Amino acid sequence: MTFTIEEIATALGAEAVGDLSFVIKGAAEPADAAPDDLALAMSAKYGEALVLGQARAAILWEDADWAGMGLDAAIFTGRPRMAMSSLTSMLDPGQGFTPGIHPSAVIDPTAHLAPDVSVGPLCVIGAGVRIGAGSVIGPHCTIGTDATLGEHAYLREMVSIGARVQIGDRFIAQPGARIGADGFSFVTPEVSGAENVRKTLGDQGDAKAQSWVRIHSLGAVEIGDDVECGANCTVDNGTIRNTRIGSGTKLDNLVHVGHNTRVGTDCLLCGQVGISGSVDIGKNVILGGQVGVVDNIFIGDNVIAAGGTKILSNAPAGRVMMGYPAIKMETHTEIYKAQRRLPRLARDVAALQKAVFKAEAKE
């Protein structure tokens, strides 16, 4: 695929200068750009690499001297990172999945696939499955009984969708995503040590060792429109009610969403986030990498939790959180600053003690 500078600028809604007919074959960082690449030099810190590199065209920061850098053409946009969305969409070569139904795919005769759905090699599509128009099912995918995918779903290789899962339009699942596994639900015949510890915050009581008994997952998973699940992401079925993921929400690689949890719209759950069961998460929530959330709590709208935060109690709407246990970010920052001063404080206290003891000895 090739595009002219003018075509790219028009697609981005951006200003272009210089040779608008200059042809672009790809995009690259300034230091690595070939002469027919569009260099992504979106701030002044990339200026030196751009001058030393081979790029003849670039997306530049505001007021950059494109001619002085020896470029033939340049594109200026008010929000460069947002421009990346349209640019990468234009230049994405895709995964090379071929259209049509591969002869090795196993499709139950009661499944209903829209006429233009593509199904890759070695897929298994169960009874009663419904897949909407324009969807692409990559190699080695499995879709369970009575599951539904909306229009323009895009499943990369080895994605599995469990029975009765309901998914809206424009769903994207990266390799190895698992939607609709059974929830991690077990119980002991008598009260366990874990239950006692939960009540007492420390005492197991006289609970005896017991074997765990499985609680089956009767619920499924409901996913809205425009949701994306990263590689090896997992979303568990609900125990009785369905686990829900709201429209527009994005789950990164290795994110785990536990049974019965409900995630609102337009949330961002970053890599290795772990959410326990029966958590209610509001709208526009951002959980940074490796955030952990305990079960049976709520997280309000517009909460932001920094990477590594452990949320152990309800989080009110709009709260910016950090630490273990999670507290307000500004409070955590003050505590961290105080911790860094502790060694010096300990030395000062020791010196004061020594001085006091010497004074008392003289008396």
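The model is a predicted one.

**The helix pair**

Let's start with helix α1, residues 5–12, and helix α3, residues 80–91, which pack with their axes 9 Å apart and at an angle of about 130°. That angle makes α1 oblique to α3, and the crossing of the two is right-handed. On the α1 side, the contact is made by Glu7, Ile8, Ala11 and Leu12, which meet Ala83, Ser86, Leu87 and Met90 of α3. Six of the residues in this contact are nonpolar, one is polar and one is charged.

**A loop residue**

Next comes Thr261, found in the loop that runs between β28 (256–257) and β29 (262–263). Thr261 is buried, and its relative accessible area is 0%. If you set aside neighbours within four places in sequence, its contacts are Thr243, Arg244, Ile275, Ser276, Gly277, Ser278 and Val279.

**The cysteines**

How many disulfides does the model have? The count is zero, taking a disulfide as a pair of cysteine sulfur atoms within 2.5 Å. For Cys141, the nearest cysteine sulfur belongs to Cys123 and is 4.9 Å away, so Cys141 is in no disulfide under that 2.5 Å cut-off. Cys270 is in no disulfide either, with the sulfur of Cys267 the nearest at 11 Å. The two also have these values for accessibility:

Technical notes: Residues are numbered from 1 along each chain as its sequence is written. This is a predicted model: local features need pLDDT of at least 70, side-chain atom pairs count only at pLDDT 80 or more; totals for chains, interfaces and linings use all residues. Side-chain values use heavy atoms; hydrogens and water are left out. Axes are lines fitted to C-alpha atoms, for helices over the stretch in contact, and angles run from 0 to 180 degrees between N-to-C directions. Helices (H or I, at least four residues) and strands (E, at least two) are DSSP runs, numbered from the N terminus. Angles under 35 degrees count as roughly parallel, over 145 as roughly antiparallel, 65 to 115 as roughly perpendicular and the rest as oblique. A crossing is left-handed if the near helix is turned anticlockwise from the far one by less than a right angle, and right-handed if clockwise. Contact means heavy atoms within 4.5 Å. Ala, Val, Leu, Ile, Met, Phe, Trp, Tyr, Cys and Pro count as nonpolar, Asp, Glu, Lys and Arg as charged, and the others, Gly among them, as polar. Buried means under 20% relative accessible area, exposed over 50%, partly exposed in between (1.4 Å probe, protein chains only).
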